[in-house]
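Reader: I have a structure open and would like to go through it slowly with you. Could you help me find my way around?

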Amino acid sequence: MSPLIELDDVRRTFTVRARTGRFRRERREVTAVDGLTFTIDAGQCVGYIGPNGAGKSTTVKMLTGILVPTGGRLRVAGVDPARDRVHLARRIGVVFGQRTTLWWDLPLRDSYELARRIYRIPDARYRANLDRCVELLDLGGLLDTPVRQLSLGQRMRGDLAAALLHDPRVLYLDEPTIGLDVVSKARVRQFLREVNTAEGTTVLLTTHDLTDIEQLCDRVMVIDHGRVVHDGDLDGLHATGESERTLVVDLAVPAPPIEVPGARTVKVDGPRQWLAFPSRDSAAPIVAAIAARYPLADLSVREPAIEDVIARMYAGASIG
Ligand SMILES: Nc1ncnc2c1ncn2[C@@H]1O[C@H](COP(=O)(O)OP(=O)(O)O)[C@@H](O)[C@H]1O
Ligand SMILES: [Mg+2]
């Protein structure tokens, strides 16, 4: 079986006109995507991460047919996205976290009704898919609310449903959890897991939240300067990047820097202390050791920022 998504040396440059003086403008080429070659098999859930400006959104736009590559070859579900957007549209669903595909002034229900007509979704299938989305995303009470009155989390759930009503084989998500609160994030993740495992929908997920990747993706690709710099599982990324998680500990009273095996205290601010430990290690024994010896009031674990993981990856590569 051939892969569902195939990129062969895909490039995209932009010509930008930059002001160089009061009346002078200079044309400059920006390379957003610089020779991407990879494949994604049906049913995979792939995390697509990297620093700002790495070329992630440009990739998603090319996979969606919104942008035409300036070089290379691209196929999604047997179709050249830019050449055959109409056929592609039936096979893909897209969610951009920064921007909604829903009709701002209309109730959610009307946007879904429009999708039904645009994609000519058969009645029974439409009803079944809508019922499932409404249940899993808890949209029941929101269907008659105009989109502009929805909270960000509610709107995102509404967008997810809209992207899936026509049973796409691939779902692209560009920062779907950006700006969401913890509860909404958890609900979105749970839904995506369901869509990927139960429906077998292939998922390409761009995010700045490594927890999204950890909980959803069996494969993670790191993009930097328009190129793939890592392709493997998340453990592999943590290992290469020697990344660290942070345990934020609130003690009942201020204390000298905590000393426990497996972690080092990197910052103290009154009763709050920050302890770094390797991402691949469990936080449990460290927490137990602290709880046994210090008056613990509260704690939380912070995932490393993607920028840090990538910076460490380069640092590691240049030494080794
Ligand atoms: N329409 C555009 N015109 C000019 N430059 C662009 C355009 N879109 C993206 N770029 C540039 O391409 C690079 C990659 O952008 P993008 O794909 O949005 O990155 P990411 O989504 O990883 O943050 C950036 O340098 C960005 O400024
Ligand atoms: Mg982007």
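Author: Three strands make up an open sheet in the order S2-S1-S4, and their pairing is antiparallel. Strands here are DSSP runs (E, at least two residues), helices are runs of H or I of at least four residues, and both are numbered from the N terminus; two strands pair if DSSP finds at least two bridges between them. This is a predicted model, in which local features need pLDDT of at least 70 and side-chain atom pairs count only at pLDDT 80 or more, while totals for chains, interfaces and linings use all residues. Residues are numbered from 1 along each chain as its sequence is written, and chains are lettered from A and ligands numbered from 1 in the order in which they are written.

Reader: Which strands stand at the edges of that sheet?

Author: Strand S2 (25-40) and strand S4 (71-76) do, and because each has a single partner strand, one side of each is left without a neighbour in the sheet. On average, neighbouring strands of this sheet are turned by 35° against each other, direction ignored, where the axes are lines fitted to C-alpha atoms, for helices over the stretch in contact, and angles run from 0 to 180 degrees between N-to-C directions.

Reader: And how many bridges join S1 to S4?

Author: Strand S1 (residues 5-19) and S4 run antiparallel and are joined by five bridges; Asp8, for instance, has Arg73 in S4 as its bridge partner.

Reader: Changing topic, what surrounds ligand 1?

Author: The residues around ligand 1 include Phe14, Val16, Val30, Ala32, Lys56, Ser57 and Thr58, where a residue is near a molecule or strand if its C-beta atom, placed from the backbone, lies within 6 Å of it. S1, S2 and helix H1 (56-64) each supply at least two residues of this shell, and H1 gives the most, with three residues.

Reader: How many residues of that shell are nonpolar, polar or charged?

Author: The shell around ligand 1 divides into five nonpolar, six polar and one charged. In this scheme Ala, Val, Leu, Ile, Met, Phe, Trp, Tyr, Cys and Pro count as nonpolar, Asp, Glu, Lys and Arg as charged, and the others, Gly among them, as polar.

Reader: Is Val203 buried or exposed?

Author: Val203, which is found in strand S7 (residues 202-206), is buried because 22 other C-beta atoms lie within 10 Å. The cut-offs are 20 or more other C-beta atoms within 10 Å of a residue's own for buried, 12 or fewer for exposed, and partly exposed in between, with C-beta atoms placed from the backbone. The C-alpha atoms of Val203 and Gly43 are separated by 7.4 Å, although these residues are 160 residues apart along the chain.

Reader: Then why does Gly140 count as exposed?

Author: Gly140 counts as exposed because it has 9 C-beta neighbours inside 10 Å, and Gly140 lies in the loop between helix H4 (123-137) and helix H5 (152-164).

Reader: Last topic: which residues make up the covered face of S12?

Author: The covered face of strand S12 (residues 272-278) consists of Gln273, Leu275 and Phe277, whereas Arg272, Trp274, Ala276 and Pro278 form the uncovered one. In a regular strand the side chains alternate between the two faces of the sheet.

Reader: What does S12 pair with?

Author: Seven bridges join S12 to strand S10 (residues 244-251), and the two run antiparallel, with Glu244 opposite Pro278. S12 also pairs with strand S11 (residues 264-269) in the antiparallel sense, over five bridges, and there Lys267 stands opposite Trp274.
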